[in-house]
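Let's take a friendly walk through a protein model, piece by piece. Have a look at the picture first, then read on.

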Amino acid sequence: MPNKKILIVDDDRDVQQGMNLRLKANQYDTCLAGDAFSGVAEARRSEPDLILLDLGMPAGGGFLVMERLKMIPSLAVIPVIVVSARHGLENQKRALESGAKAFLQKPVDDDQLLAVIRQTLGEPARMKKPALCNQGVV
Amino acid sequence: MTKPTQRIADLPAYLSHELRNALACIHQFGNILVDGLAGKLTGEQREYVSIILENASTIRSVLDTALDGAAPAASKIRTKI
């Protein structure tokens, strides 16, 4: 079975690189984007199975990315997990209302991130730690 | 709202974003080292990286506590002004 493809949209190159390494080590293919505009463009180009999306980014931010994805039927079905350094229930609520499958606050525990990804992709759990939830802050 | 007051009100969001991103990197790369994704570590090296990770977790707890308290306070400033 081919590896699932995950698009990482984050303007912090170090965060991007860290997630990339972790996902590749767990048999996921990855593609990367560093702002809202290229996030949508990369989603259109690579048609990933899942998107990890930051909120605070140049060229519109994560909420704009979710809005744009919804307008394109082939991309509207791709599940989005928001991984943000922003605090507050307000952002969590808005992200979930905007269609995100989960809201994870940075710094995210690797096991929890992988568990939520697997849960969202409908894959069997393989982690030491169980996924705590799929509809809220982890 | 005056500029200094606006700055105070925005401080928790600013701190949260900047510090959490930096902490995310420390956690990610620390765990990458501990898990051997960048090569095998000696016992001593593992111990040192674990100390870094433990302290990063402590900072995270402090941040969670401080910012959870600071956000409502900042919104009160907004409401008052």
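## Ground rules

This is a predicted model, so local features need pLDDT of at least 70 and side-chain atom pairs count only at pLDDT 80 or more, while totals for chains, interfaces and linings use all residues. Residues are numbered from 1 along each chain as its sequence is written, and chains are lettered from A and ligands numbered from 1 in the order in which they are written.

## The fold of chain A

Chain A has six helices and five strands. Helices here are DSSP runs of H or I with at least four residues, strands are runs of E with at least two, and both are numbered from the N terminus. Read from the N terminus, the elements go β-α-β-α-β-α-α-β-α-β-α.

Two strands pair if DSSP finds at least two bridges between them.

Zooming in, strand 3 and strand 4 of chain A pair in the parallel sense over three bridges, and A:I51 stands opposite A:V80 in strand 4 of chain A.

Buried residues make up 40% of the 138 residues in chain A. A residue is buried if 20 or more other C-beta atoms lie within 10 Å of its own, exposed if 12 or fewer, and partly exposed in between, with C-beta atoms placed from the backbone.

The largest nonpolar core has 38 residues. Such a core is a set of buried Ala, Val, Leu, Ile, Met, Phe, Trp, Tyr and Cys residues joined through C-beta atoms within 7 Å. Helix 6 of chain A gives the largest share of this core, five residues. A:L52 is among the residues with the most contacts inside the core. Leaving aside neighbours within four places in sequence, A:L52 is in contact with A:I6, A:I8, A:V9, A:M19, A:I81 and A:V83. Being in contact means that two C-beta atoms, placed from the backbone, lie within 7 Å.

Helix 6 of chain A covers residues 110-121. Its buried residues include A:L113, A:L114 and A:V116. The buried residues of helix 6 of chain A pack against several elements, including strand 4 (80-84) of chain A and helix 1 of chain B.

Is A:P124 buried or exposed? A:P124 counts as exposed because there are 6 C-beta neighbours inside 10 Å.

## Where the chains meet

The contact takes 18 residues from chain B and 18 residues from chain A. On the side of chain B that touches chain A, helix 1 of chain B gives the most, with 14 residues.

Key:
The expected span of a helix is 1.5 Å times one less than its number of residues.
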